[in-house]
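Colleague: Please take me through a close look at one part of this model, the contact surfaces, and spell out the cut-offs as you go.

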2 protein chains.
Amino acid sequence: MREVAIMGVGMTKFGPTGLNLKELFAEAAIEAIEASNLEPKAIQALFVGNVLGDLAEGQMNIAGFLADEIGLGPSVPATRVEGACATAAIGFREAFMWVASGFYDVVLAGGVEKVSPMGTPLATRAFAMATDSHYEEFCGLTFPAVFGLLTHLYGHKYRVPLPTLKEQMAMVAVKNHHNGTMNPLAQFQSEITIEKVLQSPMVCDPLQLYDCCPFSDGAAAVVVASAEIARKMVSKPVKVLGIGQGSAGGLSRQKDFTVMRSRVASAGQAYKMAGLTPGDIDVVELHDCFTIAEIVASECLGFVDYGKGGAAAAGGDTGIGGRIPINPSGGLKAKGHPIGATGCAQIHEIVKQLRGECGPRQVDGARIGMTDTLGGDAGVVVNIILGI
Amino acid sequence: MREVAIMGVGMTKFGPTGLNLKELFAEAAIEAIEASNLEPKAIQALFVGNVLGDLAEGQMNIAGFLADEIGLGPSVPATRVEGACATAAIGFREAFMWVASGFYDVVLAGGVEKVSPMGTPLATRAFAMATDSHYEEFCGLTFPAVFGLLTHLYGHKYRVPLPTLKEQMAMVAVKNHHNGTMNPLAQFQSEITIEKVLQSPMVCDPLQLYDCCPFSDGAAAVVVASAEIARKMVSKPVKVLGIGQGSAGGLSRQKDFTVMRSRVASAGQAYKMAGLTPGDIDVVELHDCFTIAEIVASECLGFVDYGKGGAAAAGGDTGIGGRIPINPSGGLKAKGHPIGATGCAQIHEIVKQLRGECGPRQVDGARIGMTDTLGGDAGVVVNIILGI
C-alpha cells in the first residue's frame, strides 16, 4: 500500500440554493480540481455521494451525469455510494483505497445533496428511511426521536440530571454557532445563547430546535492522489494517515447506544492504521447532527472520558482554543448538513485547518486532524485521520 | 495486483415474492458463503447493490442492515453502491479491486431488488429516474421510450426495414424465453413464439410487451477472494480475467446511441486487461433489458458485425449451440431483471456455465465467459471477463 494524500478541496456555501444537484456538485468539484492544479481530464475515477436525489430531483444513477457535467470522459468509472449521512465519507474511503492500491493515481471523491425543495415534513420522513424500515421507521422513529431517546439514555446511564445535560448540550450549540460565525461557507453565521437554545421550540423531547442541525443543500469534493504526485502538484499535500469504516444493524442490535459499536470499530481501525491515539489529534470534525451526538462522539473517539462529554463542552475544552477543538467549522449544527456531502465537507475543514487557512477559526499549530461521520442510527461510521 | 477468483455464488428465484429485501439478500448471500465453504465471519467487507429500497420499502442506508442480517460484525465495512441497472456489477468491481489490491482477502458482493409492491406505473416512473432528470425524464422519456427510439435509429442507420427488424427482435425474445425454460431460477419458464411476440400489446412503438424484460424481485451474491485462497477452498475457482467500467452523461452526449460510448470504454478496458478479444469468449450474459438492447450489445462487444446483430440472432448464432451463445440463463428478458441484483446474477450464470453446472442449458466446453451490464441510458456500463 502506498502513501495517499489530498491535493485540492472544494465546497459550496451550505444552505438553501437555487442550484440543482449537477450545478452544486460541479461548483465544488471544479474548485477541488483547480486547487489541485489539474484539469478535469486528469481525474481517473469518481466516487460521489448522494442520498436523496431520487426524491429531491427524480435523479438516480447520478454518477455518470455528474462525471459528464465536469468533463470526465467515458473511460472514467463514476460510482455513486450511499450510506445515509456518512455517504461522502464512504466515497472518500473508496477513493483512498483505489489510490493506495495503485490502481489509480488521481481520484475525485465528492458528495452533493439538495433537500430544500422537499420541505421539513417530507425531508424528516425521507431521512427516517436511514433507520431500520421494519422495526424502527415503522414505529415513527424519526431521527430527532432516535437522538431524543439517546439523550434520556445518556442522562440515565451517567446520572446527569436532565436540566444539567440540556444546559451542556446547549453549550455545544452555542460553541458551534460561534464557530460558524467565522466560516463564510456555513449555513448559519450568527451567535446564539444558552437561553435561546433552551427557549426554542420543542422538536422531540428533550431535543429543542437549536439542538438539531438544519436541513441543508450543498456539495463538497476532494482530490485524492498518491503522495508522490501530490507533493509535485501542490505545496501543502495532506496525508491520509488512518481510515476506518464500521457497520451495524438497527438499534435493537446496539448493546449500548451511547457507545455505538460501528464507531468503536471504525475509530479503532483508523487509530490502528495511523499508529496514533486520541491524544495525538489536534482538531476534530465530528458528527453533531444533534447536540447530544457531539457529546457521545467526543467520548467514543477517546477525547473525553465517558460521561464527561457534556461537562467538557460546557467547560470550553472543545472550543477552538481548548484542549481538543471540535467542529471549528461550525459542525453539522451551524455549517449545515447536506447529508450526501457532509463527509467530504468535514475533510474540507480539516485540510484547511492543517494548512493554516482558516483565518479567525484557525486552530493554532494543528498538524493532525480527524473526521467522524455517522450514517443512520449508527448503521455506518467512517473515521479518517489526516496529517500534514 | 494479485489474481482474484470467485468462490461461491448464490441467487434466489427471480420474480414476485413475499420476502422483503433483507430476507431476499440473505438467501442469496448465505448460499454464496456456504458454497465457498466459509462462515459469514470470514467475510471482510460487503458491497451491496440496491436501487429502489427507499421507494419500495422505505429503506435507505441498507448496507449495514444487510450485513447484520447475515451475521457480519461491526468491523466489516458494508457499502451500498447504485448505478441503476448496473448496480450489482459496480459492487462486484469494487469487491474485485479491494481483493486485487490486497486490502482484503475475502469480500462479498451482491445485489437485491424488490419492486413488485410498486406496481407497473410507479415502477416505470421510478426506473425513469435513471435517465437525465432535467432533459430526458422531464419529457416523459421512460425506458421503453429510450429503447423504442433506439430501435428506430438502428433500423434507419443500418437500413433494416422495421418489419424485418421486429421479426429479428422477436427471435431474441423467443431464444431467451427458450433458454429460460431450462433455468429453474428464471422468472419465466415457458416457450413463446414469434407470433406471440408480434401480437403482444404495444408498450412503446415499436416495442411490444414481449420485447421488454419484466419487473422482478430477486437477489444474487458472489464471494470474491484472492486466487490463492479460492484454490484452497473450492474445487473450481473462477478467475476474474478482465474488468471495465465506463460512464456517460445523457442521451444528448451520445454521438450514436447504437454504439454506446460507455460500453465501448468499458469493454475495451476489460478486453485489454484480459489480453483477449471477442473471439476468445465462449459464453456471454449481456444486458437485454429490451430485445433491441441485446442486438446492439452483441455488436458493440464485438461478437457480431455492426448492423448484423438482428440477423445473427435470427440465424441462431447466439443460441446455446450457436457460434457465440448469448444469455443462456434466459437473460433479463426471461430470467428476470431485479435491477439492483442483475449484475451479480449475470456473474452467477457465467460461473455456473464455466463450472459445467448448467444442465440442459449448458454451453459445451465453455472456458471463458463475459458479462455486460448497462445502467440507465448508458450512463454506466460494466463488463467482466471470467475464466476457468
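Modeller: Happy to! The contact takes 51 residues from chain B and 51 residues from chain A, where two residues are in contact if their C-beta atoms, placed from the backbone, lie within 7 Å. On the side of chain B that touches chain A, at least two residues each come from helices H2 (53-57), H3 (62-69), H4 (87-100) and H10 (261-274) and from strands S3 (78-82) and S8 (238-247) of chain B. Helices (H or I, at least four residues) and strands (E, at least two) are DSSP runs, numbered from the N terminus. By class, this side of chain B has 21 nonpolar, 21 polar and 9 charged residues; Ala, Val, Leu, Ile, Met, Phe, Trp, Tyr, Cys and Pro count as nonpolar, Asp, Glu, Lys and Arg as charged, and the others, Gly among them, as polar.

A word on the source: this is a predicted model, in which local features need pLDDT of at least 70 and side-chain atom pairs count only at pLDDT 80 or more, while totals for chains, interfaces and linings use all residues. Residues are numbered from 1 along each chain as its sequence is written, and chains are lettered from A and ligands numbered from 1 in the order in which they are written.

Now the symmetry. Chain B superposes on chain A by a rotation of 180° with 0.0 Å of shift along the axis, at an RMSD of 0.0 Å, fitted by least squares on the C-alpha atoms of residues with pLDDT of at least 70 in both. The two copies are therefore related as by a two-fold rotation axis. Both copies use the same surface, as 100% of the contact residues of chain B recur in chain A.

Strands also pair across this contact: S3(A) (residues 78-82) runs antiparallel to S3(B), joined by 3 bridges, and strands pair if DSSP finds at least two bridges between them. Within this pairing, Glu82(A) has Arg80(B) of S3(B) as its bridge partner.

There is a contact inside chain A too. An automatic or database assignment sets the domain bounds, giving domain 1 (4-118 + 216-239) and domain 2 (120-213 + 241-387) of chain A.
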